[in-house]
Every structure is written in structure tokens, then in C-alpha cells.
Amino acid sequence: MPLSKLDSRAALIVIDMQKGILALPLAHPVKPVVDNVAALTRAFRARNLPVVLVNVTGAAPGRTERAFNFQPPPDWADLIPELDQKPSDYTVTKMNVGAFHGTAVERILRRESVTQVFVVGVATGSGVEATARQAYDQGYNVVLVTDAMTDLDLDVHRFAVEKTFPRIGETTTTAEAVAKLG
């Protein structure tokens, strides 16, 4: 479904566009995803709308069947330079899959009077999906820009885009979002 409307106070939440994660074998070529995310950051900044850049430095402490015992290199969590981070951007570090729990994201959005969030980044079926679900649960209008995200697993990406996202928000493309922001 295309983006129905742009709220007057929208924000862009960029999930885990960081050196270490983008170096992993992803389901889609990374350059177009990076280019689309960068285009969205520029469009939001041009409208003086909030940009929240989120990175991840750990994992939630609960037990899983898939162990997370990883010692990342020092620059693993560094945001990629293509985001062209600006002083007006908010930077948030998370230790969980989603960007809301245990971070300042909710306070930032409320302080900025945001009613709509656009969520992009990596990985579609984890950080992006968890953040979108949390935003939906908090009452935000959620927009998922599907060509500005990817996953480690193509099937997980497809399932999230085709089955999950329509239940928690609207999906759109970078071109359509940038045109609405224009």
C-alpha cells in the first residue's frame, strides 16, 4: 500500500547503519540501500524534521537458542559516513533489538511532537521490525521504506515486508517518501 499521507511532524529512525553490520553478507546489495537511506536523511533534514540515528553495541541478556557471543572490532558500531551525520541529528545507542526499550528514542520523539515515524535500516526482520512494532504500540503512524532496508536472510526480509509490515504501518519506497517530503 502506498504512503497515504505525510504528518506535519514526522521523524526518520535509521536502524543499525553501521560499519560492522553492513560488512556482513546481506540479502541485497548494500550500496542501493545505503544510497536510499542517505537520500532520506537529506530529505528529512531539508524539511527540518528529526533524524534519529541508532546503532547497536550489544544484545539483550535473555537466553536464546542462537548464542550471541561476539567480540566486535573497535569500529564495528561506528555509523557509516554516507549518513553525513549532522549536529541536529539525534544519536542513540541500543543494547536490544528494538530502538525504544532502554533508550531515549521515546523522549526524543515526544519532545519533537512527532506523530509519524519512518523506519529504515538493517536488519529488516529484527531491528527494523522490532522498532516499528514498538513505535506502533506507542501510537505512532509507522511508515516502512522497504527499499531502504535489508536483512541477512532474504526470506526473513520478504516475510516482514509482505506479511508483518502491512499490519503495523504503511510501506513505501524511497522515491515516494522523498516526493512526499519535497
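User: Why is threonine 150 called buried?
Analyst: Threonine 150 has a relative accessible area of 0%, and the term buried requires under 20%, with exposed meaning over 50% and partly exposed the range in between (1.4 Å probe, protein chains only), so threonine 150 falls in the buried class. This is a predicted model, in which local features need pLDDT of at least 70 and side-chain atom pairs count only at pLDDT 80 or more, whereas totals for chains, interfaces and linings use all residues. Residues are numbered from 1 along each chain as its sequence is written, and side-chain values use heavy atoms, with hydrogens and water left out.

User: Where does threonine 150 lie, and what makes a residue one of its contacts?
Analyst: Threonine 150 belongs to strand E5, where strands (E, at least two residues) and helices (H or I, at least four) are DSSP runs numbered from the N terminus. A contact means heavy atoms within 4.5 Å; with neighbours within four places in sequence left aside, the residues in contact with threonine 150 include Leu26, His28, Val122, Ala123, Thr124 and His157.

User: How do you know whether histidine 157 is buried or exposed?
Analyst: The relative accessibility of histidine 157 is 8%, so this residue counts as buried. Histidine 157 sits in helix H5, which spans residues 154-168, and, not counting residues up to four places away in sequence, it touches His28, Thr124, Thr146, Met149, Thr150 and Asp151.

User: What makes glutamate 129 buried or exposed?
Analyst: With a relative accessible area of 14%, glutamate 129 is classed as buried. Its place is in helix H4, and its contacts beyond four places in sequence are Ala123, Thr124, Ala160, Thr164, Phe165 and Ile168.

User: How many aromatic pairs does the rule give?
Analyst: The count is 2 aromatic pairs, on the rule that rings of Phe, Tyr and Trp (its six-membered ring) pair if their centres lie within 6.5 Å, planes under 30 degrees apart being stacked, over 60 edge-to-face and the rest tilted. The rings of phenylalanine 44 and phenylalanine 118 have their centres 5.2 Å apart and their planes at 70°, so they form an edge-to-face pair. Because phenylalanine 44 lies in helix H2 (residues 30-46) and phenylalanine 118 in strand E4 (residues 116-122), this pair ties together parts that are 74 residues apart in sequence. Both phenylalanine 44 and phenylalanine 118 are buried.

User: Why is the pair of phenylalanine 100 and tyrosine 140 called tilted?
Analyst: The ring centres of phenylalanine 100 and tyrosine 140 are 6.3 Å apart and their planes stand at 45°, so the pair is tilted. It links distant parts of the chain, 40 residues apart: phenylalanine 100 is in the loop between strand E3 (90-94) and helix H3 (105-111), and tyrosine 140 is in the loop between helix H4 (124-137) and strand E5 (141-150). Phenylalanine 100, at 9% relative accessibility, counts as buried, and tyrosine 140, at 3%, counts as buried.

User: What makes the peptide bond between valine 122 and alanine 123 cis or trans, and what is the phi of asparagine 48?
Analyst: Omega is about 5° for the bond that joins valine 122 and alanine 123, a cis peptide bond, and alanine 123 lies in the loop between E4 and H4. Phi of asparagine 48 is near 60°, a positive value in a residue other than glycine. Most residues other than glycine have a negative phi, and most peptide bonds are trans. Asparagine 48 lies in the loop between H2 and strand E2 (51-56), and its relative accessible area of 64% makes it exposed. Serine 113, in the loop between H3 and E4, has a positive phi of about 60° although it is not a glycine; at 47% relative accessibility, serine 113 counts as partly exposed.
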